[in-house]
Amino acid sequence: MEVEEEGLRVLQSVKVKIGEAKNMPPYPGPNKMRDCYCTVNLDQEEVFRTKIVEKSLCPFYGEDFYCEIPRTFRYLSFYIFDRDVFRRDSIIGKVAIKKEELQKYHNRDTWFPLQPVDADSEVQGKVHLELRLSEVITDSGTICHKLATRSELKKTKVKRKTNNPQFDEVFYFEVTRPCSYSRKSHFDVEEEHVEKMEIRIDLWNASNLKFGDEFLGELRLPLKILKQSSSHQAWYFLQPRDNGKPIKPVDLGSLRLNVVYTEDHVFLSHYYDPLRDLLLKSADVEPVSASAAHVLGEVCREKQEAAMPLVRLFLHYGRIVPFISAIANAEINRTLDPNTIFRGNSLTSKCIDETMKLAGRHYLQVTLKPIVDEICEVHKPCEIDPVKLKDGENLESNMDNLRQYVERIFNVVTNSGMSCPTVMCDIFFSLRESAAKRFQGDTDVRYTAVSSFIFLRFFAPAILSPNLFQLHPHHPDPLTARTLTLVSKTIQTLGSLSKSKSASFKESYMATFYEHFNEQKYTDSVRNFLDLISSSGRRDHKSIEQPIVLKEGFMIKRAQGRNRFGIKNFKKRWFRLTNHEFTYHKHKADHPLYNIPIENILAVEKLEEESFKMKNMFQVIQPERALYIQANNCVEAKDWIDILTKVSQCNKKRLTMYHPSAYLNGHWLCCKTSADCAPGCTPCTGGLPANIQLDVDGDRETEHIYSLYNTYRTKLEKMQEACGSKSVYDGPEQEEYSTFVIDDPQKTYKVLKQIIAAVETLVMEHAQYKRNKFKRTKYGSQEHPIGDKPLQCYITQNSGGSTNSV
């Protein structure tokens with residue numbers, strides 16, 4: 001999150017689908033194949049890495065990545081690496097998309113050519129430079145003009161172990177000869193000569209290795225900027241090195257990506273009151289098709305677009321169950337055949353999908369994750385199609401392996417009723433009651449209405465694509481994916497309660513395999529499970545809550561010095577957070593070396609970089625000491641801070657003040673206090689709520705909904721016309737209006753009018769914000785360095801003046 005000004009937040013996020021690469025150059029050896037992986041980078045900081053696809057020049061990844069972006073950035077980059085067992089992995093090529101150009105590729109599959117990577121082009125960062133023309137009296141008594149430059153980045157002195165070096169050194173360059181100097185004008189005599197001159201600053205990373213120093217970027221600045229003033233200072237983006245050599249086109253292949261970058265400008269909560277109030281009333285509107293939330297589903301191109309922010313907003317305010325109950329009941333009443341209930345991609349089905357994915361994440365961890373991990377790691381052969389059997393495989397043995405996996409998953413699912421989240425059970429109860437009331441002659445509909453979601457849209461997809469449900473970090477390899485597909489198909493069929501299950505399979509080998517499960521005990525288990533999760537009298541079972549792994553992974557921690565004379569060095573450790581404790585281990589499977597009970601976490605905060613000259617550090621503050629940890633990148637650091645804060649939010653002894661820097665050499669670096677137990681000197685940052693219903697930014701979701709309404713403004717107006725047409729003619733609908741569900745034209749028209757009024761108000765607020773931002777923007781400041789070409793064009797268009805003025 002980036003805060004631009006008091007009262008407004010700028011929140012960035014990115015969602016990437018990494019598809020596949022193709023036509024990469026062969027390896028220069030007899031094998032010619034490569035073992036490749038892809039990384040996602042903010043500028044040059046890696047924030048995600050795919051699995052390695054072995055022995056391919058057209059690797060398929062099929063992986064999704066989402067993150068909140070916690071800092072400013074210039075490029076979203078993707079690097080393809082070739083793994084090398086004996087040497088450093090080599091870079092094949094990259095795709096670098098400027099932040100300003102991300103919207104061009106928004107949410108559509110695009111093939112990007114891979115570009116070569118070299119030291120001259122890999123630059124990032126900025127430099128502050130001061131230039132000043134000074135009068136100097138020479139030894140002979142004449143006056144000449146010299147240029148004084150002050151740069152915070154200069155090679156003269158090496159500043160070690162820092163990403164933000166400060167040099168504060170002055171260098172003089174003679175610009176005009178003494179005989180040509182005139183007080184009347186600095187440039188009268190040699191103006192043409194001076195205008196051709198430039199200051200060039202190169203930034204290097206000093207290295208003791210034989211390969212020499214590493215180029216980090218350069219700045220070229222023409223001296224003509226001093227024509228209007230004898231001094232100039234500004235921040236500049238470092239640029240790639242122009243060595244004058246023509247770049248030869250090289251075909252390195254291409255990479256298929258789908259990128260969704262979002263930048264939300266979120267106002268204070270009261271700005272959204274009219275629109276939010278209108279939305280939250282949706283569950284109580286009769287008919288529900290005349291509600292603001294239902295209207296959003298009608299105008300959006302995809303129902304999923306509307307479902308995501310609506311579900312989060314209603315979860316946040318505890319209104320998700322009545323809203324879904326209302327739209328589900330309306331859809332059931334429009335359904336004519338009980339066999340087609342909830343079969344389409346309606347707003348109801350998409351909202352229930354999204355709710356299950358949000359509220360049921362930990363439920364899936366408890367039920368499926370251990371077995372899915374085993375399937376992904378053990379690689380037992382489970383192929384039961386005789387045509388696809390490999391040499392040496394036995395069909396009966398494979399069927400037995402698959403049968404064991406299905407039995408285990410079936411048992412753990414059907415015995416997990418007491419772990420099903422309450423919000424999901426309340427929704428299932430509502431579905432069951434509405435379906436039974438609508439189709440009173442069908443005794444099975446109360447089960448199929450629930451099983452169509454819990455099995456078909458929850459457990460089966462999670463088994464099929466565990467990486468999309470946070471059950472596995474990467475897309476499974478082809479062999480594992482095949483096993484998961486077979487397991488998912490069988491579990492889906494078991495949960496469907498269809499009359500002729502074997503006949504539901506297209507493949508004869510699946511029908512043969514399924515004969516083992518054609519027993520009444522499986523049907524009875526499914527029915528008992530569905531009865532339990534859709535019962536209004538379901539007992540809350542929190543008293544036997546078992547540990548749930550919330551997050552785990554390798555990070556680097558600083559030794560805490562629990563022994564008085566212990567060495568306080570940095571070590572790589574496996575960290576694991578459950579809803580009970582935070583632990584670290586030497587290796588993933590080892591017993592914990594140290595554990596912190598959740599109730600002992602007093603605060604979780606960032607640690608200033610200058611403490612240890614290390615980026616992405618944070619601290620977990622306990623009663624007796626703080627544990628200092630370095631995450632692998634800025635995104636991971638934010639994720640750990642957020643989830644640790646969330647699980648410890650309700651601790652009674654949470655701190656209100658903390659030390660943002662470390663305690664080193666007998667004092668706190670931030671406030672210089674010598675006592676290691678001294679109270680903090682800085683207020684703790686705002687915490688995150690621990691409740692799933694509150695673990696959502698309600699204002700941000702309302703901003704998303706406003707953006708959707710504004711995007712589909714013409715459809716809102718078309719829907720108003722449809723309401724008028726229905727009210728006046730009440731006859732056959734015009735074809736252009738037939739796509740809208742309008743049960744009450746008068747009520748719907750009134751709500752549409754209120755929506756458009758609320759949207760227009762927010763449009764004006766955003767326009768005013770942009771005008772204010774332009775007035776505040778100082779081109780050449782640290783926040784807006786010179787070299788930002790889109791900003792430069794924007795300022796030129798709006799001011800009609802020079803963009804070099806600071």
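Predicted model: local features only at pLDDT ≥ 70, side-chain atom pairs only at ≥ 80, totals over all residues.
Visitor: How do the axes of H8 and H9 cross?
Guide: The axes of helix H8 (residues 369-378) and helix H9 (residues 395-414) cross at roughly 160 degrees and come within 11 Å. Angles over 145 degrees count as roughly antiparallel, so H8 is roughly antiparallel to H9.

Visitor: Is that crossing left-handed or right-handed?
Guide: H8 and H9 make a left-handed crossing.

Visitor: Which residues make the contact?
Guide: From H8, Ile-371, Glu-374, Ile-375 and Val-378. From H9, Tyr-405, Arg-408, Ile-409 and Val-412.

Visitor: And by class, what does the contact of H8 with H9 have?
Guide: That contact has 6 nonpolar and 2 charged residues, with no polar ones.

Visitor: Switching to the sheet. What's the order of the 7 strands?
Guide: The order is S19-S18-S17-S16-S22-S21-S20, in an open sheet with antiparallel pairing.

Visitor: Which strands stand at the edges?
Guide: Strand S19 (594-597) and strand S20 (603-606). Each has a single partner strand, so one side of each lacks a neighbour in the sheet.

Visitor: What does the twist average?
Guide: From one strand to the next, the twist averages 30 degrees.

Visitor: How many bridges join S16 to S22?
Guide: There are 2 bridges between strand S16 (residues 549-558) and strand S22 (residues 626-630), and these strands run antiparallel. Lys-557 has Ile-629 in S22 as its bridge partner.

Visitor: Which helix packs on the sheet?
Guide: Helix H15 (residues 634-647) does, touching S16, strand S17 (570-578), strand S18 (581-585), S20 and strand S21 (617-621). The direction of H15 makes about 120 degrees with that of S16.

Definitions and conventions
Residues numbered from 1 in each chain as written. Heavy atoms only, no water. Axes fitted to C-alpha atoms, helices over the stretch in contact; angles between N-to-C directions. Helix = DSSP H or I, 4+ residues; strand = E, 2+ residues; numbered from the N terminus. Parallel < 35°, antiparallel > 145°, perpendicular 65-115°, else oblique. Left-handed = near helix turned anticlockwise from the far one by under 90°. Contact = heavy atoms within 4.5 Å. Nonpolar A, V, L, I, M, F, W, Y, C, P; charged D, E, K, R; others polar. Pairing = 2+ DSSP bridges.
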